[in-house]
Amino acid sequence: MMSDSMAGASREAIEHHYDISNDFYALWLDSTMTYSGALWKEGDSLRDAQIRKIDHHIFAAKAQARTRVLDIGCGWGGVMKRLTTESGVSHAVGLTLSQNQALWIAEMNLSHVEVRVESWADHVPSQCYDAMISIGAFEHFARFTDSDESRLAKYRAFFSWCHQYLAPGGRLSLQTFAYGSRATREKSHSSRATRFLANEIFRETDPPQFDEVVRAANTRFELESASNDRLGYAQTCTEWLRRLRNRADEARSLVGDEVVSRYQKYLQLSIFAFETGQLELWRMTFSRIGD
Amino acid sequence: MIKRSVEEIRQRLVEELAKELELAPGEISPTEPFDRYGLDSMAAVNLTLSMETLLGRELSPSLPFKYRSIEALASHLGKLN
């Protein structure tokens, strides 16, 4: 197991959020069960925009038709399904800390897909991967209580690990939300909204700032492209909130009033944060440096 | 949707903002920008929630960021209504 000094959110903290109930998430996520900011074009349904986002990462990582592709923080398996059913990938491996997500993926009976309940830090593959994708996991790699130095050290450890297990010439396509550049981390930390999110929604989790991600990758990965699609995440959260409200009675019967109210508040705070720039949503393409 | 006058909306916004800021309603000026009161995102979301209840319709939580005083927000919500 990874040492505590390198730990991001624990398995218990991840389960607190992601293992509430697969059926609850299925009420308001799209049919691919994708739980991260979508890439919208005019006229898209939520599902269209999620698939466009997944395809963006597959293309950016040059994962099409590759032999071995890793999805770090694989959620309910939407990326692995797309990789192996539409993109000609021979073997997709997904890492998650959520037992419920792993069970969901196992029940899909997908060929060429392997899901592991394991942190990247504990994953020792027998061979290198040809491409790596990580969507909505980086947010969990550091804890709210970490110092700036310890957070950066954890991020560096992640990029070192990716460098070790990504084949020469390989690419990593990363998506993470981040604190916006309009306020200092200290100011963001002191807000009631951040404390609510840290205590009630995403325990042991503290998102990065964009420049920290770039600095942590230095000497191991070249940043090829980066775009901030915060309004796309606001639109995604707006759609999730609309869907959750439409199915509120079913949601309450699955998880209770308190959880449904908490999730509505979390989605509203997220909409506000992404619309106003308190949070950003970064899609970044990295190419591995060296042989 | 529930029909409300701009005055009713303004009144409720004053009450809700006073509650958020732990002030007396008389200390809230409808024309003062929200920024002057240090309105944070939690307060903005709570204001929006109270307006959703008052008007019986869904609203964007960032409305207090776009309409930056009680007067501006009440006027906008009055038109929607």
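A residue counts as buried if 20 or more other C-beta atoms lie within 10 Å of its own. In this predicted model, A:Thr176 has 24 other C-beta atoms within 10 Å and is therefore buried. A:Thr176 sits in strand β5 of chain A. Leaving aside residues up to four places away in sequence, A:Thr176 touches A:Gly136, A:Phe138, A:Glu139, A:Pro207, A:Pro208, A:Val213 and A:Trp282. The C-alpha atom of A:Thr176 is separated by 8.3 Å from that of A:Ser134. Along the chain, these two residues are 42 residues apart.

The strand context comes next. Strand β4 of chain A covers residues 129–135, and strand β5 of chain A covers residues 166–179. The two strands pair in the parallel sense, over six bridges. Within β5(A), A:Leu174 stands opposite A:Ser134.

Both strands belong to an open sheet of seven strands in chain A. The strand order is β3-β2-β1-β4-β5-β7-β6, and the pairing is mixed. At the edges are β3 (113–117) and β6 (221–228) of chain A, each of which pairs on one side only. On average, neighbouring strands of the sheet are turned by 15° against each other, direction ignored. Helix α5 of chain A, residues 99–108, packs on this sheet. Helix α5 touches β2 (91–96) and β3 of chain A. The direction of α5 makes about 160° with that of β3(A).

A helix pair was examined next. Two packed helices are described by the angle between their axes and the distance between the axes. The axes of α8(A) and α12(A) come within 11 Å and cross at roughly 140°. The two helices are therefore oblique to each other. The crossing of α8(A) past α12(A) is left-handed. From α8(A), the contact involves A:Ala193, A:Phe196, A:Leu197, A:Glu200 and A:Ile201. These meet A:Arg262, A:Tyr266, A:Leu269 and A:Ala273 in α12(A). By class, the residues of this contact divide into seven nonpolar, no polar and two charged.

The interface between the chains follows. In chain A, 13 residues are in contact with ten residues of chain B. Helices α8 (192–201) and α12 (257–276) of chain A each supply at least two residues of the side of chain A that touches chain B. The largest share of that side, eight residues, comes from α12(A). The side of chain A that touches chain B has six nonpolar, four polar and three charged residues.

Terms used. Residues numbered from 1 in each chain as written. Chains lettered and ligands numbered in written order. Predicted model: local features only at pLDDT ≥ 70, side-chain atom pairs only at ≥ 80, totals over all residues. Contact = placed C-beta atoms within 7 Å. Helix = DSSP H or I, 4+ residues; strand = E, 2+ residues; numbered from the N terminus. Nonpolar A, V, L, I, M, F, W, Y, C, P; charged D, E, K, R; others polar. Pairing = 2+ DSSP bridges. Axes fitted to C-alpha atoms, helices over the stretch in contact; angles between N-to-C directions. Parallel < 35°, antiparallel > 145°, perpendicular 65-115°, else oblique. Left-handed = near helix turned anticlockwise from the far one by under 90°. Buried ≥ 20, exposed ≤ 12 C-beta atoms within 10 Å, placed from the backbone.
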